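Please keep the viewer open as you read.

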Amino acid sequence: MTVLITGGLGFIGSHTVVELIEQGEDCLIIDNLSKSSIDVLDKIESIVQKKIPFIKLDLLEMLSIRDVFIKNNISSVIHFAGYKSVGESVKDPLSYYQNNLISTLNLLEVMDEFDVKKLIFSSSATVYGDLHTPPLNEDLALNAPNPYGRTKLMLEQMLKDLSETDSGWKIALMRYFNPIGAHNSGKLGEMPYGIPNNLMPHILKAANGETTKLQVYGGDYDTADGSCIRDFIHVMDLAKGHVQALKFVEAHNGCEAFNLGTGIGYSVLDLIHTFEEVNNVIIPYEIVERREGDIVTSVADVTKANTLLNWSTQFGLKDMCYDAWIWYKATKRLSV
Ligand code: WQD
């Protein structure tokens, strides 16, 4: 039986495929390559030392999805495919609603038709909005603050409705906090397409001298050093969380949400200083205006994932900074 990974050549998808293969799972990757590169497939194969079936496919094409299920014995799906830039979603909300919602609805329709009802869904801590005082637990009211987050919230609600209507569905909603880091081989990492939104790609560029200064969005928040606080989680810990979620849904019908974070908050300046210390580099930065839509603190309560998924994070902030830099330097050497 095969695990279908949509968006499997993306940052989190590719690291999860490595984990799945190393745990003995058979995988089939589909990806439309709009926000990823076919080179990532070679990198995954070189890490796991085996060929991985891949199909270039857009989930907006329903017939193509059906063809995959006709020709392969799919047992479960891990659904990563989707646009994920907050900034981009504000500029072009319709493309986010169309891509993230319709592609998922197509996938669900085909899964239902072929009676494949085990699904791990890539959600996000952004669904908590800025309503609550951290640590955030899965039972809190949800309220996404931007179109990207609203696509995740709407999809979570659709999946809950589906599981209430048809108890045969076995669904895990994975709410990522702030994934950073890279596989310790230096072969996989976060390669954002276009202008990166997230913090770590900007740190890497500044550390590598590609930008003159990193901009820190806001230094006057009500935190110890004035910068925002986030729950940074190593992408390999995140990948392992998905493998554990797959085991969980094997034995549990319904629809359960899980926070994937460390439960520890670090500020933007903490991350910058840790990165400098671990990698012996200087990151020039300047504190500028706050970024609209940012929340001050986002930290997970990870009790539920720790207990129900038998999962806990193994890597700390220093590992995340070290692994990210090793990968980035390796990638830059290859691109010269
Ligand atoms: C983190 C902190 C910025 C860039 C978003 C999504 C979330 C997930 C991760 C997909 C904030 C500050 C950033 C920079 C900065 N995406 N920052 N300078 O906003 O916490 O979460 O990305 O799953 O769903 O909501 O992540 O990395 O953009 O920002 O100072 O150049 O870093 O202001 O405080 P965020 P981020």
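## Ground rules

The model is predicted, so local features need pLDDT of at least 70 and side-chain atom pairs count only at pLDDT 80 or more, while totals for chains, interfaces and linings use all residues. Residues are numbered from 1 along each chain as its sequence is written, and side-chain values use heavy atoms, with hydrogens and water left out.

Counting contact as heavy atoms within 4.5 Å, 18 residues of domain 1 touch 19 residues of domain 2.

The two domains bury about 1600 Å² between them, 68% of it on carbon and sulfur atoms. Buried area means the accessible area (1.4 Å probe) that two parts lose on being put together, summed over both. I180, F232 and H234 supply 44% of what domain 1 buries against domain 2, more than any other three residues. Six residue pairs across the interface are in polar contact, both residues at pLDDT 80 or more. A polar contact is a pair of N or O atoms within 3.5 Å; within protein, one must be able to donate a hydrogen and the other to accept it, and residues adjacent in sequence count only if both atoms are side-chain atoms.

Which elements give two or more residues to the side of domain 1 that touches domain 2? They are strand 7 (178-180), strand 10 (232-234) and helix 8 (235-251). Helices (H or I, at least four residues) and strands (E, at least two) are DSSP runs, numbered from the N terminus.

Helix 8 is mostly covered, with 13 of its 17 residues buried. Buried means under 20% relative accessible area, exposed over 50%, and partly exposed in between (1.4 Å probe, protein chains only). From first C-alpha to last, helix 8 reaches 25 Å, close to the 24 Å expected at 1.5 Å a residue; the expected span is 1.5 Å times one less than the number of residues.

The 21 residues of helix 5 should span 30 Å, and the end C-alpha atoms are 30 Å apart, which agrees. Its buried residues include Y96, N99, L107 and M111. Among the elements covering the buried residues of helix 5 are strand 1 (2-6), helix 3 (62-71), helix 4 and helix 6 (147-165). After the helix comes D115, with a positive phi near 55°.

Beyond its neighbours within four places in sequence, S103 contacts L59, L60 and Q98. P93, also found in helix 5, is partly exposed, with a relative accessible area of 30%.

## A threonine in a loop

T223 sits in the loop between strand 8 (214-217) and strand 9 (229-230). At 16% relative accessibility, T223 counts as buried. Its side chain reaches the backbone oxygen of S227 at 2.7 Å. Leaving aside neighbours within four places in sequence, T223 is in contact with I229, V296 and T297.
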